[in-house]
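Hi there,

Here is the structure I promised to pass on to you.

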Amino acid sequence: MPMNKISSFPYLLLLDVHSPAIIQFNKSTYQITCLIEQLGGTPDGIAVDPTNKLIYWSNMGEDYDADDGSINVMNFDGSGRKMLLGHGDVRTPKQLQLDLINQRLYWCDREGGKVASCHVDGSNLQTHVARPRNKQNQVDILDQCVGISLDIPNNWVYWTQKGTPKGNLGRIFRAPLKPNIQQSPENRTDIELLLDRLPEPIDLLLDEEACLLYWTDRGAEPDGNSLNCANVTTHGVNNHKVISRGFKEAIGLTYDKPAQLMYVADLNGGVYRVTIPTGDIEKVYQGKNYTGITQYSP
């Protein structure tokens, strides 16, 4: 497939939830290598620090009703594996984003109903947004937080709330990363609803330079199981469009911008390459079950 420029990231990293592991995928040869196995639970979000050669990932745990999720790290070669947060600090962390400038990790906690962050060593845990809870301390399924993206220069955090399965009740929100006025995570008045009545939006990716927000949707056809985008402005978003359809429970996405290629992973084990200008889609690998995806150069 022709590319505008040669990518500086020859590999993808995939989170395998069938036999929980981190898999390396060669973009050129389509060969896979297992970097680390026996992750346990349900790994979901993944992020890379290229300078310090570290891989971070979130794990939703074994029981979604228990506080047994975790945030983890290891070296590129699989050594030095460490749990940064766990033991009740997080419930079911989903998509994970790394702020390289400020050395913080951000994630959405689905059953926890939160947008949260910590320092890359696991310290300074903060809750930025906390959705309403009932008397049983549970978050309604419509308020469960899933995908996340950051706009550090413009002080925004974006997140998805997917709603019920195939329910067309999904929404995308944003709020100032650092509130202009002090307020509690439970009672923020500065949250903006950007889009609603989406099939089931999952992971997010923001192209700051182009002011474009991308996301996967695992909802029902015709607009679900898709890759989407919308323009981001100071007033919200506009020009929402479906770029590609035909995924099977689309979850993770990562953007090879120099090549104008988006890679998407789905729960059916497919890894797809989408040409952004045309929306052409090509399956490059079929495995078992994948969630998070990112790219790196080891």
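To sort residues by class, I count Ala, Val, Leu, Ile, Met, Phe, Trp, Tyr, Cys and Pro as nonpolar, Asp, Glu, Lys and Arg as charged, and the others, Gly among them, as polar. This is a predicted model, where local features need pLDDT of at least 70, side-chain atom pairs count only at pLDDT 80 or more, and totals for chains, interfaces and linings use all residues. Residues are numbered from 1 along each chain as its sequence is written, and side-chain values use heavy atoms, leaving out hydrogens and water.

Let's begin with the cavity (on a 1 Å grid over the protein atoms alone, a set of points where a 1.4 Å probe fits but cannot get out; lining residues have an atom within 4 Å of a point). The whole structure has one of 30 Å³ or more, a volume being the space filled by probe spheres set on the points, which are joined across faces, edges and corners. Its lining consists of Leu 198, Pro 199, Trp 215, Asp 217, Asp 223, Asn 228, His 240 and Val 242: four nonpolar, two polar and two charged.

Next come the pockets (open sets with protein on both sides within 12 Å along at least five of seven lines). The largest pocket holds about 1,100 Å³. Among its 39 lining residues, Gln 97, Leu 98, Leu 100, Leu 205 and Leu 206 lie nearest the centre, and the lining has 21 nonpolar, 10 polar and eight charged residues. The second largest pocket has about 250 Å³, with five nonpolar, eight polar and four charged residues in its lining.

Enjoy exploring!
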